[in-house]
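Dear colleague,

Please find below the structure that I am handing over to you, followed by an account of what was found in it.

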Amino acid sequence: MSKAQDPFYIVKEEIQESIDKLQSSFHQWERILPDTGEQVHLTKELLANCESIEWQVDELNKTIDVAARDPSWYGIDDRELESRRRWTTTARTQVGDVKKSVVARKENGNSTSAMRRELMKLPISHQSDRSYQYSAEDNDDFIASESDRQMLLIKQQDEELDELSASVERIGGVGLTIHEELLAQEKIIDDLGSEIDSTTNRLDFVQKKVAMVMKKASAKGQIMMILFLLVLFIILFILVFLT
């Protein structure tokens with residue numbers, strides 16, 4: 001079976017695309033200021049994507065374990081099995097690194113937010129009404145701009161989630177196909193075993209009948225049978241090799 005037709009490589013390509021998108025979103029997440037609505041939303045999305053990809057890698061690893069029970073049946077060898085296991089290990093490590101970084105920054109952000117809330121409770125110096133007015137206008141402009149940017153980003157992230165959902169559905173379909181193929185192959189093996197047992201029983205029966213005939217026949221009859229078989233062999237030899 002070629003790599004283009006192998007279900008493993010089809011699922012592997014889907015997962016690798018999900019990992020590439022995850023890393024791209026992670027690099028974007030690193031450039032976002034902490035404690036913003038955009039950062040919180042993207043953090044949740046990254047963690048959800050990590051969980052989804054980890055589940056896909058685990059399911060793919062299960063198919064490798066199934067193939068390892070009888071590699072020759074699936075047309076692969078030990079080197080190919082080891083290569084597939086190395087890829088799943090690498091994929092799990094990449095996702096795990098992203099997940100650790102996001103969780104660590106999330107925990108640090110929670111601590112920083114708590115400290116900031118405590119500092120905001122302290123009294124501040126009075127400012128003039130004019131300065132306060134300018135500051136309020138600047139804040140309103142900033143909030144409006146930030147809100148528009150976050151809405152655009154949320155829309156882009158929703159589209160990426162839709163693509164990821166479609167990818168998960170395709171992977172689930174491929175996994176179901178693999179499962180059905182394994183069941184069909186198992187039935188074929190069972191049927192083959194039953195046919196072998198039936199043929200063995202018939203062969204034993206014929207051997208017993210021949211032994212009984214040879215035992216009942218006289219010495220003269222056995223000699224005649226041997227001569228008959230010898231003449232038959234000579235005739236077949238002539239027909240096959242000399243004509």
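Phe8 is buried, since its relative accessible area is 5%; buried means under 20% relative accessible area, exposed over 50% and partly exposed in between, with a 1.4 Å probe and protein chains only. Tyr9 also counts as buried, at 15% relative accessibility. Please note that this is a predicted model, in which local features need pLDDT of at least 70 and side-chain atom pairs count only at pLDDT 80 or more, while totals for chains, interfaces and linings use all residues. Residues are numbered from 1 along each chain as its sequence is written, and side-chain values use heavy atoms, with hydrogens and water left out.

Aromatic rings

The whole structure holds three aromatic pairs. The ring centres of Phe8 and Tyr9 are 5.2 Å apart and the planes stand at 90 degrees, so this pair is edge-to-face. Phe26 and Trp29 form a stacked pair, with 5.6 Å centre to centre and 25 degrees between the planes. For these terms, rings of Phe, Tyr and Trp (its six-membered ring) pair if their centres lie within 6.5 Å; planes under 30 degrees apart count as stacked, over 60 as edge-to-face and the rest as tilted.

Phe26 and Trp29 are both buried. They are about one helical turn from each other, because they are three residues apart in helix H1. In general, an α-helix has 3.6 residues a turn, so residues three or four places apart point the same way.

Two arginines lie over rings named above: Arg84 over the face of Phe8, at 4.4 Å from the ring centre, and Arg105 over the face of Trp29, at 4.5 Å from the ring centre. A charge sits over a ring if NZ of Lys or CZ of Arg is within 6 Å of the ring centre and within 35 degrees of the ring normal.

Helices

The protein has five helices and zero strands; helices (H or I, at least four residues) and strands (E, at least two) are DSSP runs, numbered from the N terminus. Of its 243 residues, 23% count as buried. H1 has 24 residues and should span 34 Å at 1.5 Å a residue, which agrees with the 35 Å between its end C-alpha atoms; the expected span is 1.5 Å times one less than the number of residues. Buried residues of H1 include Val11, Glu14, Ile15, Ser18 and Leu22.

Cavity and pocket

How many cavities of 30 Å³ or more does a search of the whole structure find? The search finds one. A cavity is a set of points, on a 1 Å grid over the protein atoms alone, where a 1.4 Å probe fits but cannot get out; a pocket is an open set with protein on both sides within 12 Å along at least five of seven lines, and lining residues have an atom within 4 Å of a point.

The largest cavity contains about 80 Å³ of space. Helix H1 (7-30), helix H2 (37-69) and helix H4 (129-216) each supply at least two residues of its lining, and H1 gives the most, with four. Among the lining residues are Ser18, Leu22, Glu45 and Leu164.

The second largest pocket holds about 280 Å³ of space. Of its 14 lining residues, Glu59, Leu60, Thr63, Gly175 and Ile178 lie nearest its centre. H2 provides the largest share of this lining, seven residues.

Yours sincerely

Methods
Points joined across faces, edges and corners; volume = space filled by probe spheres on them.
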